[in-house]
Amino acid sequence: MPTQIETKTESAGIPEPGQIVIVRQRPFVVADVCTSTLPLPASFRDKATRQHLLRLSSVEDEGLGEELAIVWELEPGVACLQRAQLPALKDFDPPRVFDAFLDAVAWGCVSSADDKALQAPFRSGVEVDDYQLDPVVRALQMPRVNLLVADDVGLGKTIEAGLVMQELILRHRARSIVIVCPSSIQVQWKEEMRDKFGLDFRIVDSRLLAELRRRRGIHVNPWSHFPRLITSIDFLKRDRPMRLFRETLPAGDQPAFPRPYDLLIVDEAHNVAPSGRGKYATDSQRTAAIRTLAPYFEHKLFLTATPHNGYTESFSALLELLDNQRFARATPINRTQLDAVMVRRMKSELEKRWDGSRRFAKRCVKHLEVAYTPAERRGHQALREYAQLRAQSAATDGQRFATEFVLKLLKKRLFSSPAAFATTLEKHARSIGAAKDGSNGKAWQRQLDEADNDFANDEDYENVASEAVETASRHVAALAKEEKALLSELREFATHAATRADSKARALIDWLKANLQTDGKWSNRRVIIFTEYRATQKWLHDLLAAEGLAGQDRLLTIYGGMKMEDRERIKAAFQADPKDAAVRILLATDAASEGVNLQNHCWQLIQYEIPWNPNRMEQRNGRVDRHGQKNPEVHVHHFVGKGFDETKPGQAPGDLEGDLEFLLRAALKVEAIREDLGKVGPVIAQQVEEAMLGSRRTLDTTRAERDSEPVRKMLKFERKLREQLQKLTEQLQETEKVSVKLSR
């Protein structure tokens, strides 16, 4: 077996083009050597020696594409590696060593022409399920990989993407890779690729940009410094990162092929789909960013659990971003072409393995009954009366728009916690009717629309929502005498309720003590408590700490905007074995619910308030109900009024218990139509808003479900899934047999 090639190092002499030199303690290859007509300075002994300008190109992975120009004679600490020489053959290697060398060569020779031999599953550190082989098998059959992996939440889309990536790298079809994902899961992507596939990625953000400029100068470009990069869509869409990315692209007079980048992976791809609420799909900044990147990548992989939002125009625009040769926006989608690029499986299709055992945990929806006090019922009733009077007093479309926005947010916050309600109510009370005449209606209405966007930072969301409430309150009609009295009553109720545990918080505390402790001692069970608002999270933390549930790191919080190091430390502790980490309760906001894995040792989840957006609720549930969950059941808990019976018609929305029952039945409906959530979900969200504002009495999604039938047929392909999985398993086993045969 050949030994390492020997090299000689010298500090003198002029290197030739193609040689490796060490400059500033880093390796470069010499691209060009120019001799100057000027002699060396007088301080040098040999004045007759001419200066030489060397143009160098970095050969480090992290310095890919970096160029440097130096004067060889003036540069301190340089060294030149002489041309490599073959080693002298002294003796033979032992047979076992030579046999191992031959095995390594055989296993490493993956032929690009052979699309049957799968290597990625054997080069990864994961236990691959048979259904996860489908994307990589299909990728090998495509000359240019363009895949939309739209598997259900929790099926392991990250692992599937890693397998495709690894296989393309092994076959030398991909080297430069960019992963675009939400900012909250950048570190998770980096760790998953490192731990499970041995691939090192670097996160491109403001911190990396500052570090690179400090180390390498102001002209360094983060997009060309390393072949494998991860960035967030919200960082990418900014002007500065996008300008730097454009600098790496071919100029107008340069050929566009071969493409400068190999593989683009977009996680949570539904976030980059253009809005389709109107007649035409409107590009967002996120859409524009991906539209700029996509043409310069040879392969593209989009990952999402909700590919279709119910608007065909928006879905076709997303497919155009993936493959503009097969699809075009505003053009009917060809079913055959969609089948060629889309991989979609639901958990319901993959419940059982070949031996009849369950593949995934069974999701069970549980109810936590709350006995509300007369004071809490009265607070809810006062808000309802105030909302009715406010709606009647709105005289213009602008006033009605502002009034509905404020009342909707007040209702949401009241269902969340008295603390969240009190802050919003106080902001509303101080700003009522303060708008100046002639204010730009479209401008402030756009500001209110922005408050409904998703935010990666909870503090940013609180600030935007607070400003939106203040703006909307300025544009509502002045208060009548009865409205002033109700507002005063609500402020008094909120101020008093925010200082102590209400009935729902007390029910939560009782449940935690009953289920996580035995005779005052902590068990190994864990639970995640999700809330929409940071104010509620802080309030709950203080209440639980006062009850003795936060000592010794038993209670931790995770939210959008916290330091990345703290966030990852908390996630690692919650994922660790309960014997090794003391944490038992995790308080999380929605910023932590997209793409984050928390299922290792937790199978219980509490929705402290039911989100009005069904997609958000499903994202929360997917943190524990996902691939890798070891418990046979996953329990999702919702709060309901005392005496709730799921089997009976129940109360109509109006009073506190009736509103809670309507929200729970909406949540149960979401469980029943998870496959159609993209189309039916917005209808449920709209009807929930109407019911909470007093304009709807029943939940009816019959028409939406009927209208979603074409979408369901479009996304659901007729296939014999069991036979397909058997074929994938056989292909993997055949590869294993060939590998064993080669090693003999």
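Gln552 sits in the loop that joins α18 (534-546) to β18 (555-558); helices here are DSSP runs of H or I with at least four residues, strands are runs of E with at least two, and both are numbered from the N terminus. The model is a predicted one, in which local features need pLDDT of at least 70 and side-chain atom pairs count only at pLDDT 80 or more, while totals for chains, interfaces and linings use all residues. Residues are numbered from 1 along each chain as its sequence is written, and side-chain values use heavy atoms, with hydrogens and water left out.

Phi of Gln552 is near 60°, a positive value in a residue other than glycine. Gln552 has a relative accessible area of 65% and is therefore exposed, where exposed means over 50%, buried under 20% and partly exposed in between, with a 1.4 Å probe and protein chains only. Gln25, likewise not a glycine, has a positive phi of about 65°. Its place is the loop between β2 (20-23) and β3 (26-39), and Gln25 counts as exposed because its relative accessibility is 77%.

Leu587, in strand β19 (residues 585-589), has a relative accessible area of 0% and so is buried. Leaving aside residues up to four places away in sequence, Leu587 touches Ile529, Gln537, Leu540, His541, Leu544, Leu555, Leu556, Thr557 and Ile558, contact meaning heavy atoms within 4.5 Å. Thr531 is 56 residues from Leu587 along the chain, yet their C-alpha atoms are separated by 7.7 Å.

Helix α12 (residues 397-416) has 20 residues and should span 28 Å at 1.5 Å a residue, which agrees with the 29 Å between its end C-alpha atoms; the expected span is 1.5 Å times one less than the number of residues. This helix is mostly covered, with 16 of its 20 residues buried.

Next comes the packing of α12 on helix α13 (residues 418-431), at an angle of about 155° and with axes 7 Å apart. Axes are lines fitted to C-alpha atoms, for helices over the stretch in contact, and angles run from 0 to 180 degrees between N-to-C directions. The two helices are therefore roughly antiparallel, the word used for angles over 145 degrees. On the α12 side the contact is made by Val406, Leu409, Leu410, Arg413 and Leu414, and on the α13 side by Ala420, Phe421, Thr423, Thr424, Leu425 and His428.

Definitions and conventions: Angles under 35 degrees count as roughly parallel, over 145 as roughly antiparallel, 65 to 115 as roughly perpendicular and the rest as oblique.
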